[in-house]
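Colleague: Could you take me through this one and tell me what stands behind each label?
Modeller: Gladly; here it is.
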Amino acid sequence: MALLTRVPANLRGIVLVAPWVIYLAVCDLALSFLLLVKIFAPDFVYRASSRIAYSVWKWIQVIFESCNGAQITFSGDRLPMRESAVVISNHVTWADFYMIQALALRSGMLGQCRWFAKIQLRWVPFLGWGLWAMGMPMVSRNWMRDQRELQRVFSGIVHRRWPTWLISFSEATRFTPKKYDESKIWCKENGRPQPMHLLYPRTKGFVTTVQHLRKAPHVKAVYDFTIAYQHKDRFHVAPSMWDTLRLPNLSRSHGYKFRIHARRFALEELPYTDEELAKWLEQRWVEKGEWLDAVKAEWAAK
């Protein structure tokens with residue numbers, strides 16, 4: 001790996017990523033075959049696809065953390081091993097996936113991560129087909145269509161008790177300064193609190209997910225993750241997707257800071273009405289903003 005630090009960054013990225021892309025294509029073929037037998041052996045297919053998912057995501061996580069030197073700081077609650085949960089997080093950039101996968105890996109749930117993904121991702125070469133074949137919920141902004149998709153996903157978790165981290169970015173889009181300004185205007189017009197450093201969360205998907213997964217006895221908690229980045233003295237700035245794959249020593253040489261804060265809430269302790277659940281999520285986002293502001297101040301003081 002030391003040898004790769006001496007080659008141009010783009011070439012280094014190609015050398016690191018090309019084998020993974022080839023492997024991903026092979027995995028897509030394996031997942032396609034599994035789809036043929038899913039109707040006859042859904043539990044076997046879920047277990048097999050989870051093992052494939054583990055190998056795919058572990059490989060790219062090794063590139064990010066071990067090969068490219070991303071040093072992630074973890075804080076907050078200690079998560080139980082192999083516990084199924086609803087996972088919510090803020091969304092800043094592509095690197096968010098590494099941050100959440102780092103916690104999943106350390107909690108024994110990397111292969112069981114199922115992400116809410118935009119339906120447009122189906123058309124991304126290699127990656128899109130694999131996401132769909134692994135059983136990821138592919139959603140649009142058409143609520144009637146999304147309800148059918150969610151029912152498909154919830155059915156396996158509730159009725160077949162598949163172990164899962166069901167992960168969603170509750171803001172439904174990445175944070176940008178422009179979107180932050182739009183969020184502030186919307187919150188002012190609608191009498192909602194504007195969280196610091198975050199977009200106001202969309203509550204409908206979260207409420208639907210919690211209300212359905214209450215019926216799954218093995219889903220015990222909601223995990224609330226807050227992700228923070230800094231590049232040198234610039235808060236909320238993370239490396240691009242390509243930079244995460246090509247740059248060596250992301251933290252030590254390039255000055256990137258990565259931090260993820262975890263909070264665990266027992267599902268049985270959450271409110272039961274839709275309105276109260278929406279308010280609960282809103283309050284979490286206010287608290288996340290306060291935590292982010294404290295981290296910003298902490299990093300600025302160093």
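Colleague: Which residue is the bridge partner of Y229 in strand 9?
Modeller: F258 is the bridge partner of Y229 there. Before we go on, this is a predicted model, where local features need pLDDT of at least 70, side-chain atom pairs count only at pLDDT 80 or more, and totals for chains, interfaces and linings use all residues. Residues are numbered from 1 along each chain as its sequence is written, and side-chain values use heavy atoms, leaving out hydrogens and water.

Colleague: What makes strand 7 and strand 9 (residues 256-266) a pair?
Modeller: Two strands pair if DSSP finds at least two bridges between them. Strand 7 and strand 9 have eleven, in the antiparallel sense, so they pair by that definition. Strands themselves are DSSP runs of E, at least two residues, numbered from the N terminus.

Colleague: How many bridges join strand 7 to strand 8 (residues 234-235)?
Modeller: Two, again antiparallel. H231 stands opposite R234 in strand 8, and in this hairpin, with two residues between the strands, K232 takes a positive phi near 55°.

Colleague: And in which sense does strand 2 (residues 84-89) run with strand 7?
Modeller: Parallel, joined by six bridges; A85 has A221 as its bridge partner in strand 7.

Colleague: Why is strand 7 (residues 219-231) called largely enclosed?
Modeller: Because twelve of its 13 residues are buried, that is, under 20% relative accessible area with a 1.4 Å probe and protein chains only.

How values were computed. Buried means under 20% relative accessible area, exposed over 50%, partly exposed in between (1.4 Å probe, protein chains only). Helices (H or I, at least four residues) and strands (E, at least two) are DSSP runs, numbered from the N terminus.
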